[in-house]
Amino acid sequence: MIESIEIDKCTGCGICDVVCPADVIHMEPAPATNTVAGLNPTFRLPVIKYREHCITCFSCEIFCPEQIVDVHPSVKNRPRPW
Amino acid sequence: MPKFEGSFTETDVLVVGGGSGGLLAALSAKRHGTPGTRVTLVDSWTIGRTGHTAFSNAWMIVAFPDDDIDGILREIVAGNDGIADQVLVREVLEGSYARLKDFEAMGMNFHRAADGTYVRRPTRGLDIARVMYPDGGGLEFCWLLRRALEPIGVELIDRLFVTGLLRSGDTIVGAVGIDTRTGQFHAIKARTTIVCTNAITFRSGFVRDITGTGTLLAYRAGATLRNAEFSYVRPGTPKFYFEGITFAIQEGARWVNAGGTPFMKDYEPDWADEADVPRIARAMALEKKNGHDPMYLDMSGIPEHMRDTFIGSKVKWMDYFFRKLGSEAKTDMFGKTPYYALNQMTKMGVRTGPDCRSDVPGLLAAGLAQAGCANHFAGFHIGLCVGNGWIAGRSAIEDLDRLPAPAIDADEIQMLHAETLKPLKPTAEAQSDRILRDLQQIMFAYDVGILKRADRLEQARAQINSLSREFEDIAAPHVHELVRLKETEAMLLAARMILGASLMRTESRLSHFREDYELRDDQNWLAWVDIAERNGEFTFDRTPVPTPHCSVEPLSRPTRLKKQHAVGGVE
């Protein structure tokens, strides 16, 4: 399950959002506290919006050009037959 | 353009679903169509980065021109306990080498030995068929296919969740859906539509973004479904996701019970641990019933020097998985980690002919949304999707000249718009997860999903019916939940079909194991259970499975396993 994105190192490229097959990460307008100097006010940053629906596929971590996404290798929320 | 709220696209061939079936259907339609033929491929998420294939190893059975195709067909049919469309499977095998060459032309590399020859491995449950695998696994496979579709002019629409098929009289003339992020309504007018949305799942396997709702849309549009009573139940552990069980067994791993006793030979004297997944799942469930759980995959027989090859993978996401588990990965994999028989997905798909046409004009099916086979082999589910996708694309092009020009009704689309977005209420509470958990609990209980019996199936059916009633007035606070709600609604409908078909099939075959009808009964049940809608309710009919090419008798002990050291398998 996705743990975190080091948002202060994020360039806002949006790849993590594009590659997520479970709609977990959304690019959203960045709050003022997260803006990076020199970028315009419409800058968007990723938000882990539906963490509980993460399927632990690592896509966001694999394709993040800055390598700032951390996914924990847990599949413990799977249903069991017994 | 008709007048309604939302955006509009017009195309010749609409492909719904961007896994291997859909990608191949789009490629095939473009190749078979005349210049200028419009092909549109849509998926709920990003095409090339979603779908079951993207997260698999993308192993596929490929028959080379001098291979024994009839022999491979014979063992696939036997491996399906006869429930396979022999004409379709044969054509898929015949075309598989040409597809391999297509993939290589797109830049895919299939594993080769040092001398340059292809590495072809045997797969579980089959003897002579050989599996090939592309570098980079499914993620690379699907991405390169997407990249190959762009320059030939296939229109790709990402993030469009199809919520309904459009009808004009009895003919399907496109689809409607919503943008999975913005909720914007979109209608697509198409001369033919190919549904490639996988078989329905209950978000149970690893690839929990796959829900297979397209088959239910096809059903609502008049198509017949089949293979609902069969499922893909595979051994797995909640500790990690291990795609290499087939290879581990070939290298000496064994299934053992709580007492450390290997048990597969008791259930499958010929195949033992090399039996395919439904048979292992059944054995595990019976061991559980007899109080012999937990069960383990004993990998102690795998030589030390080979162990690192199981930790890590050429498939990126799996490699990340193991790498991040660190030393725990090896301890868990080679230690005592309990395994379960986990339900991955159903095998319910659209009934089509070997040409992938459904009973409804203008509607075709491919990938696992097409009910070509009732069993799931490592290597043949993607092999089948590649093959039936290709066939469906070709048939869709042939249909362009046969079908009347589509007409769509703006009022109908406007009605679908209202119906699709009706549950959106910002103040509502998201409830689909809770309903899904209840649904999983009912359907995955091993004495309902694997070891079936009439009374328990009836009880489960009553529970599902009550859950379905609860669903009727449910609302969604946002688009994310609206999509999940619609998927869950389809799952509830599918669950009722699965239980009904399971009650009807009064014998045991493949993953369908009836404790009250333990034996396979070819005299009565070499047949499909077909599900169609009549007067708003579903009806179950029996259709005999034709056997034009080969016998459906089980095969005797495979030659490969008679060898003293039946490991490795690299030729």
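Visitor: Which residues in H17(B) do B:Ser432, B:Ile435, B:Leu436, B:Leu439 and B:Met443 in H14(B) meet?
Guide: This is a predicted model, where local features need pLDDT of at least 70, side-chain atom pairs count only at pLDDT 80 or more, and totals for chains, interfaces and linings use all residues. Residues are numbered from 1 along each chain as its sequence is written, while chains are lettered from A and ligands numbered from 1 in the order in which they are written. Helices (H or I, at least four residues) and strands (E, at least two) are DSSP runs numbered from the N terminus, and two residues are in contact if their C-beta atoms, placed from the backbone, lie within 7 Å. The residues of H17(B) met by those of H14(B) are B:Glu481, B:Arg484, B:Leu485, B:Thr488, B:Met491, B:Leu492 and B:Ala495.

Visitor: How many nonpolar residues has the contact of H14(B) with H17(B)?
Guide: Ala, Val, Leu, Ile, Met, Phe, Trp, Tyr, Cys and Pro count as nonpolar, Asp, Glu, Lys and Arg as charged, and the others, Gly among them, as polar. This contact has 2 polar and 2 charged residues. Its nonpolar residues number 8.

Visitor: At what angle do H14(B) and H17(B) pack?
Guide: Axes are lines fitted to C-alpha atoms, for helices over the stretch in contact, and angles run from 0 to 180 degrees between N-to-C directions. The two axes are 10 Å apart. The angle is about 25°.

Visitor: Is H14(B) roughly parallel or roughly antiparallel to H17(B)?
Guide: Angles under 35 degrees count as roughly parallel, over 145 as roughly antiparallel, 65 to 115 as roughly perpendicular and the rest as oblique. H14(B) and H17(B) pack at about 25°. So the two helices are roughly parallel.

Visitor: Is the crossing of H1(B) and H4(B) left-handed or right-handed?
Guide: The axes of H1(B) (residues 20-32) and H4(B) (residues 137-149) come within 10 Å and cross at roughly 25°. A crossing is left-handed if the near helix is turned anticlockwise from the far one by less than a right angle, and right-handed if clockwise. Here the crossing is left-handed.

Visitor: Which residues of H1(B) make the contact with H4(B)?
Guide: On the H4(B) side stand B:Cys142, B:Leu145, B:Arg146, B:Ala148 and B:Leu149. By class, the contact has 7 nonpolar, no polar and 1 charged residues. H1(B) supplies B:Leu23, B:Ala26 and B:Leu27.

Visitor: What is the bridge partner of B:Val529 in E19(B)?
Guide: E18(B) (residues 527-534) and E19(B) pair in the antiparallel sense over 8 bridges. The partner of B:Val529 is B:Arg542.

Visitor: How many bridges join E1(B) to E2(B)?
Guide: E1(B) (residues 7-16) also pairs in the parallel sense with E8(B) (residues 185-195), over 9 bridges. E2(B) (residues 39-42) runs parallel to E1(B) too, and B:Val16 stands opposite B:Val42. The bridges joining E1(B) to E2(B) number 4.

Visitor: Which helix gives the most to the side of domain 2 of chain B that touches domain 3 of chain B?
Guide: Bounds come from an automatic or database domain assignment, which gives domain 1 (7-231 + 346-415), domain 2 (234-344) and domain 3 (423-544). The C-alpha centres of domains 2 and 3 lie 29 Å apart. The contact takes 8 residues from each of these two domains. The helix that gives the most, with 6 residues, is H8(B).

Visitor: Where does the largest share of the side of chain B that touches chain A come from?
Guide: 32 residues of chain B are in contact with 20 residues of chain A. The side of chain B has 17 nonpolar, 8 polar and 7 charged residues. The largest share, 6 residues, comes from H10(B).

Note on methods: Two strands pair if DSSP finds at least two bridges between them.
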